[in-house]
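Open the model in your viewer and keep the selection tool at hand. This tour tells you what to select next and what is there.

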Amino acid sequence: MSSHAIEISLLGRTYSIACPIGQEDALRHVADKLEKQLSSLRARTNNLSREEIAIMAALNIGYELLEEQKKNQDYIKQMDDKIGLLQSTLESALVERATKGD
């Protein structure tokens with residue numbers, strides 16, 4: 001897959017980032033969300049370096065990702081349970097129908 005560089009701005013610095021063709025809007029969207037989080041952290045913690053702010057943002061984003069993954073796993077388990085119940089119900093109905101037909 002080919003890519004090209006796009007420019008994004010974070011905390012007043014511009015970065016040239018390689019981006020797959022067709023994914024520019026997604027990268028810009030992520031960069032905008034990251035900029036908001038970095039700016040918010042900077043406003044709340046004036047004495048931190050850029051590096052420390054970036055680490056805090058990475059930890060926050062990692063935590064959010066972990067929480068979403070947990071929600072997805074819980075949802076998958078719920079769907080698996082419902083599918084299992086549906087299969088069991090269908091199998092019981094088919095067995096009941098087969099025994100009544102005899």
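**Surface, then core**

Show the surface of the whole protein. Its accessible surface comes to about 8300 Å², and 57% of that belongs to carbon and sulfur atoms. Accessible areas come from the Shrake-Rupley method with a 1.4 Å probe, and for residues only the protein chains shown count as cover.

A word on the model before you go on. This is a predicted model: local features need pLDDT of at least 70, side-chain atom pairs count only at pLDDT 80 or more, and totals for chains, interfaces and linings use all residues. Residues are numbered from 1 along each chain as its sequence is written, and side-chain values use heavy atoms, with hydrogens and water left out.

Switch to cartoon. You will find 2 helices and 2 strands. From the N terminus they run β-β-α-α. Both kinds of element are DSSP runs, numbered from the N terminus: helices are H or I with at least four residues, strands are E with at least two.

Zoom out. The C-alpha trace spans about 80 × 35 × 15 Å along its principal axes. The radius of gyration is 25 Å, whereas a compact globule of 102 residues would be near 13 Å. That radius is taken over C-alpha atoms, and the globule rule is 2.2 Å times the number of residues to the power 0.38.

Now colour by burial. Buried residues make up 13% of the 102. Buried means under 20% relative accessible area, exposed over 50%, and partly exposed in between (1.4 Å probe, protein chains only).

Select the largest nonpolar core: Ile-6, Ile-8, Leu-10, Leu-11, Cys-19, Ala-31, Leu-38, Leu-41, Ile-53 and Ala-57.

Beyond its neighbours within four places in sequence, Leu-11 is in contact (heavy atoms within 4.5 Å) with Glu-35, Leu-38, Ser-39, Arg-42, Arg-50 and Ile-53.

Next, pick Gln-37 in helix 1. Is Gln-37 buried or exposed? Gln-37 is buried, with a relative accessible area of 17%. Leaving out residues up to four places away in sequence, Gln-37 touches Ala-57, Asn-60, Ile-61 and Glu-64.

Finish on Ile-55 in helix 2. Ile-55 is partly exposed, at 46% relative accessible area. Draw a line from Ile-55 to Leu-38: they are 17 residues apart in sequence and 9.8 Å apart in space, C-alpha to C-alpha.

How values were computed:
A nonpolar core is a set of buried Ala, Val, Leu, Ile, Met, Phe, Trp, Tyr and Cys residues joined through side-chain atoms within 4.5 Å.
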